[in-house]
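Please keep the sequence and the three-dimensional view at hand while reading.

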Amino acid sequence: MIILDLLKFFAVIPGRNGVNDIFLNGRSKLPQYTELQEYVRQLPEPVLPGIQSLVFGQSLEAVKRRVDKLSGTYLFVDFGEFDSDRNSNNSIEDTQRLAVTVATKVTNSADIVEEVLISDTALDLLNHVRAYMLAHKNKEPWLNMLSRKHSIVPFESKELNSIGWTLMFDASASDWFNLKEITLSYANGVQ
């Protein structure tokens with residue numbers, strides 16, 4: 001549910017049409033697909049309507065296919081790898097790297113002033129995303145796992161014809177995946 005929690009949280013931020021259209025196929029044999037589609041359809045008004053679309057994924061090819069069909073400003077959530085650390089007390093700490101980007105597609109003919117204006121707007125919108133995340137820290141369990149330290153870095157992607165800003169942070173929790181419990185069930189022959 002970790003990835004679904006991220007999707008549900010960030011889906012409330014951009015414009016509704018730009019979130020609804022992530023369901024490119026319209027239906028699926030996967031039972032959660034329809035449930036998630038209905039959840040998105042029931043979302044209230046967007047938190048930041050200045051962000052028109054949602055891009056959610058980790059595969060550059062899939063992200064590129066999505067962004068190629070967009071225009072305007074989008075929120076790109078990249079749920080990165082997980083690190084796991086086991087200390088001498090057999091305690092497990094799981095950490096996920098996350099990046100949230102607000103970017104705008106630009107044309108090849110955009111001049112430097114246009115790029116500066118786009119960059120400034122994207123940075124402002126990203127700061128609002130960050131504020132929304134902090135405001136909901138006590139309402140969403142996974143937000144309580146966010147690191148206190150994060151970075152905001154420029155985003156420029158020739159592949160995506162986009163510029164903007166990226167918020168990079170970690171989320172950490174003790175045995176996030178219940179590995180000890182699962183391991184114990186295997187050790188006891190119960191699966």
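The points below cover the overall fold, the confidence of the model, a pair of helices and a pocket.

The structure is a predicted model. Its chain contains 6 helices and 5 strands, and its largest pocket holds about 750 Å³ of space.

**Overall fold**

- Taken along the principal axes, the C-alpha atoms of the chain fill a box of roughly 65 × 40 × 30 Å.

**Confidence**

- The average pLDDT of the chain is 86, and 91% of the residues score at least 70.
- Confidence is highest in strand β1, at a mean of 95, and lowest in helix α6 (residues 179-187), where the mean is 71.

**Helices α1 and α3**

- The axes of α1 and α3 come within 11 Å and cross at roughly 25 degrees.
- Because angles under 35 degrees count as roughly parallel, α1 is described as roughly parallel to α3.
- The crossing in which α1 passes α3 is right-handed.

**The largest pocket**

- The lining of the largest pocket consists of 21 residues; Ile 22, Phe 23, Leu 24, Tyr 33 and Phe 56 are those that lie nearest its centre.
- Two or more lining residues come from each of the elements α1 (2-11), α3 (31-41), β1 (53-56) and α4 (60-68).
- Sorted by class, the lining of this pocket has 14 nonpolar, 3 polar and 4 charged residues.

Terms used:
Residues are numbered from 1 along each chain as its sequence is written. This is a predicted model: local features need pLDDT of at least 70, side-chain atom pairs count only at pLDDT 80 or more; totals for chains, interfaces and linings use all residues. Side-chain values use heavy atoms; hydrogens and water are left out. On a 1 Å grid over the protein atoms alone, a cavity is a set of points where a 1.4 Å probe fits but cannot get out, and a pocket is an open set with protein on both sides within 12 Å along at least five of seven lines; lining residues have an atom within 4 Å of a point. Grid points are joined across faces, edges and corners, and a volume is the space filled by probe spheres set on the points. Helices (H or I, at least four residues) and strands (E, at least two) are DSSP runs, numbered from the N terminus. Ala, Val, Leu, Ile, Met, Phe, Trp, Tyr, Cys and Pro count as nonpolar, Asp, Glu, Lys and Arg as charged, and the others, Gly among them, as polar. pLDDT is the predictor's confidence in each residue, from 0 to 100. Axes are lines fitted to C-alpha atoms, for helices over the stretch in contact, and angles run from 0 to 180 degrees between N-to-C directions. Angles under 35 degrees count as roughly parallel, over 145 as roughly antiparallel, 65 to 115 as roughly perpendicular and the rest as oblique. A crossing is left-handed if the near helix is turned anticlockwise from the far one by less than a right angle, and right-handed if clockwise.
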